[in-house]
Amino acid sequence: MAFTPSRFEQVVFSGGGTRCFWHGGFLSKVGTFEDFRPKRVCGVSGGALSGSAWISGNDERCKQVMGDIFDRNESNIDLRQDNATPHQELYREAVSGTLPPEAQETIANGPDFQVLLGCPPSYLPTRAFAAICAIGYKVEQLVTGNPRLEYTRALGLRGVLVDARQAARDGKLIDLVCAAATIPPVFDIPTWEGKDVIDGGMVTKAPFPDPDEGETLVLMTSTYRNIPAKDGKLFVTPSREVEADKIDFTQRWKIEETWEQGEADAEVFLAEQGSYERPE
């Protein structure tokens, strides 16, 4: 039986920082946006950029832009910045370079595209709450090995799905994609619609769109011991830990190798699923 990308009504992009270049490599073999033509796309954290690049046909451009930035950036520490890192400024430069005006227009006129943001409660300062969540997140990942997190949501963190198409129409897509990938203290706390937000990956690594209907391809960037079994949801993970180190913005070769691993994993995936001929 041949693999048919168009059977998937939804595609989900997990987060993972620079590990998200696995997405690009994988989809370069499995199918472009035009091959899939899903009704809905959803992304979280770095997956917001992956989804944006895929919809607009700029996956390769994203790798080139980010690689060029890494080539000139020699350190993950920059004491000239308030947060002592260059990440926030460099990431915004990468997002802006990946998504020029024509790409944003494509997204504005594309499929339903939602980005998950994390909205912290008001009982603690956001930076302190984010630090607590980060610790809990690490512990829970080690204990449960599940991409859906319980501890952070028990603390009061909630996820909000934002319409990325409308953000593009309003000229705010770059702001949204940057706000989605916020890892304090490496990044400052951004706001969205007047409220503090943090990385939605602290809520779940695999956010489903609203409405959540039809077969869904879920692209992860890490391996998990306990992938949830859900009808109509096909989770795909790297075959092993990828080379890219989430927030290392200095090593181009790491994202290149992560992309190549995505390509290799895609070949295995297609062999298991049944290869297909792309439409002319």
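Which residue forms a salt bridge with Lys63, and how far apart are the closest N and O atoms?

1. **Basis.** This is a predicted model: local features need pLDDT of at least 70, side-chain atom pairs count only at pLDDT 80 or more, and totals for chains, interfaces and linings use all residues. Residues are numbered from 1 along each chain as its sequence is written, and side-chain values use heavy atoms, with hydrogens and water left out.

2. **Lys63 and its partner.** The partner is Glu60, with the closest N and O atoms 3.5 Å apart. A salt bridge here is a side-chain nitrogen of Lys or Arg within 4 Å of a carboxyl oxygen of Asp or Glu. Both residues lie in helix H4 (residues 59-72), 3 residues apart, about one turn of the helix. Helices (H or I, at least four residues) and strands (E, at least two) are DSSP runs, numbered from the N terminus. Lys63 is buried, at 11% relative accessible area. Glu60 is partly exposed, at 49%. Buried means under 20% relative accessible area, exposed over 50%, and partly exposed in between (1.4 Å probe, protein chains only).

3. **Asp71 and Arg252.** These side chains meet in a salt bridge of 2.5 Å, N to O. The pair links distant parts of the chain: Asp71 sits in helix H4 and Arg252 in helix H11 (residues 252-273), 181 residues apart. Asp71 is exposed, with a relative accessible area of 52%. Arg252 is buried, at 17%.

4. **A network.** Both pairs belong to one network of salt bridges, which links Glu60, Lys63, Asp68, Asp71, Arg252 and Glu256.

5. **Glu9 and Arg40.** The model has 17 salt bridges by this rule. One of them joins Glu9 to Arg40, with the closest N and O atoms 4.0 Å apart. Glu9 lies in the segment before strand S1 (10-13) and Arg40 in strand S2 (residues 40-44), so the pair ties together parts that are 31 residues apart in sequence. Glu9 is partly exposed at 28% relative accessible area. Arg40 is buried at 8%.

6. **Nonpolar cores.** A nonpolar core is a set of buried Ala, Val, Leu, Ile, Met, Phe, Trp, Tyr and Cys residues joined through side-chain atoms within 4.5 Å. The largest has 61 residues, and Phe26, Trp54, Tyr91, Leu99 and Leu117 have the most contacts inside it. Helix H10 (residues 173-180) supplies the largest share of this core, 7 residues. Another core, of 9 residues, lies apart from it and includes Val44, Ala130, Cys133 and Met202.

7. **Phe26.** Beyond its neighbours within four places in sequence, Phe26 is in contact (heavy atoms within 4.5 Å) with residues including Leu219, Val236, Ala266 and Phe269.
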